[in-house]
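Reader: I am new to reading structures. Could you show me how the labels follow from the numbers?

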Amino acid sequence: MWTVTTAIVAAGVVTPAASGTTTASPCAPDGTYGPPLPSQSVTSQLIRGGFNFLEGPTWDQRTGTLLLSNMQNPTGPQGVQPSAILRYTPPGTFETFIADSGSNGLAITADGTRVLAATHDNRTVSSYNLTDRSRTTVAANFLGHAFNSPNDLTTGRDGTTYFSDPNYQRGNRADEQGGRTSVFRVRDGVVGLVDDTLPQPNGVVLSPDGKTLYVGATGADAIMKYTVFPDGTTGNRTTFANMRTPDGATIDCAGNVYWASFDEGLVHVFSPSGAQLGTISAGRNTTNAAFGGPDGRTLYLTSGVSGAFGLYQTRLNVPGNPY
């Protein structure tokens, strides 16, 4: 069943409430934008390779840096993948920002003070303070049952966060979701179910106005679209587009959707109506994408094969929505 509005309070969580101050958006109020791509087929450029498995890029506007997760191979009897948050400072500096973060997807909060992380190490959604790097729990479980392995997330200006829960990083740990792979939301410390019928939900992204939620169902080769109501609940699910193995995603100020296809090594670009506008290539096994740069018009992509992943970039015509 999907669009369940009943929610529970997850014990011991810290709410990622938006503060009164938000970071400036590169999106112009009531802005009018032209075509987002310089051509129908765009090729990105490698910044640096040699990483194990990159995921979850997100731009930190306050510091002008890109945060991303570098996941390692499974270890130990539970088969859990260690992970660290890296920080990239253009044009070429990489450093470990948070070791042992346990993270996959990342998203900077609207006030710019924390990075939210889908953390498969303890099967939660976490928040890392960007100043002291301390960790708190945002979503601990649903109905007392551990999540599978939170994978990707997106957050709105009001602090509502939506996250996917496939079982890719669950390893050998017990299945407490009864075989379901789901999409959840957390708002004011309350966890609610969005949809538990999608096979391996993966990338999630909100429209710039916060009224539409997009979710990639990797197991169905489809991108789903939901109406978001003012209280953060969702409804009216429809199929937005079909594509091979949708992974991570991002969106620009005009509402154009950029979705990584893992199998194809491409990012497919769709208009808000679902029309395909073109593709951006980044080698093999593209996992995710995020806008950044001083003007918000640089698209960063993570792509590669295990043990030889790279961070790529390309310049586009429309700035990205920061959330």
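This is a predicted model: local features need pLDDT of at least 70, side-chain atom pairs count only at pLDDT 80 or more; totals for chains, interfaces and linings use all residues.

Author: Start with a rule: a disulfide is a pair of cysteine sulfur atoms within 2.5 Å. Residues are numbered from 1 along each chain as its sequence is written, and side-chain values use heavy atoms, with hydrogens and water left out.

Reader: What makes Cys 27 and Cys 253 a disulfide?

Author: The S to S distance is 1.9 Å. The limit is 2.5 Å. Cys 27 and Cys 253 are therefore joined by a disulfide. A search of the whole structure finds one disulfide. The pair links distant parts of the chain, 226 residues apart. Cys 27 is in the loop between β1 (7-9) and β2 (41-43), and Cys 253 is in the loop between β20 (246-251) and β21 (257-261). Strands (E, at least two residues) are DSSP runs, numbered from the N terminus, as are helices (H or I, at least four).

Reader: Why is the disulfide of Cys 27 and Cys 253 called left-handed?

Author: Look at the torsion about the S-S bond. It is about -80 degrees, so the disulfide is left-handed.

Reader: Why does Cys 27 count as buried?

Author: Buried means under 20% relative accessible area, exposed over 50%, and partly exposed in between (1.4 Å probe, protein chains only). Cys 27 has 18% relative accessibility, so it counts as buried. Cys 253 has 11%, so Cys 253 is buried as well.

Reader: What makes Gly 102 buried?

Author: Its relative accessible area is 4%, so Gly 102 is buried. Gly 102 sits in the loop between β7 and β8 (103-108). Contact means heavy atoms within 4.5 Å. Leaving aside neighbours within four places in sequence, Gly 102 is in contact with Ser 83, Ala 118, Thr 119, His 120 and Asp 121.

Reader: How do you know that strand β13 is largely enclosed?

Author: Count its residues. Five of the five residues of β13 (161-165) are buried, so the rest of the structure largely encloses this strand. In a regular strand the side chains alternate between the two faces of the sheet. Both faces of β13 are covered. Thr 161, Phe 163 and Asp 165 are buried on one side, Tyr 162 and Ser 164 on the other.

Reader: How do you know that β12 and β13 pair?

Author: Two strands pair if DSSP finds at least two bridges between them. Strand β12 (153-155) and β13 have three bridges, in the antiparallel sense. Therefore they pair. Leu 153 has Phe 163 as its bridge partner.

Reader: Why are β4 and β7 said to stand at the edges?

Author: Take the open sheet first: four strands in the order β4-β5-β6-β7, with antiparallel pairing. β4 (54-60) and β7 (93-98) each have a single partner strand, so one side of each is left without a neighbour in the sheet. Inside this order, β5 (65-71) and β6 (83-89) pair over six bridges. Met 71 has Ser 83 as its bridge partner in β6.

Reader: What makes Tyr 88 and Tyr 300 an edge-to-face pair?

Author: Rings of Phe, Tyr and Trp (its six-membered ring) pair if their centres lie within 6.5 Å; planes under 30 degrees apart count as stacked, over 60 as edge-to-face and the rest as tilted. The centres of Tyr 88 and Tyr 300 are 6.1 Å apart and the planes stand at 75 degrees, so the pair is edge-to-face. Tyr 88 is in β6 and Tyr 300 in β25 (298-305), 212 residues apart. Both are buried.

Reader: Why is the pair of Phe 142 and Phe 184 called tilted?

Author: The centre-to-centre value is 5.1 Å, with 50 degrees between the planes. Phe 142 lies in the loop between β11 (135-139) and β12, and Phe 184 in β14, so the pair ties together parts that are 42 residues apart in sequence. Both Phe 142 and Phe 184 are buried.
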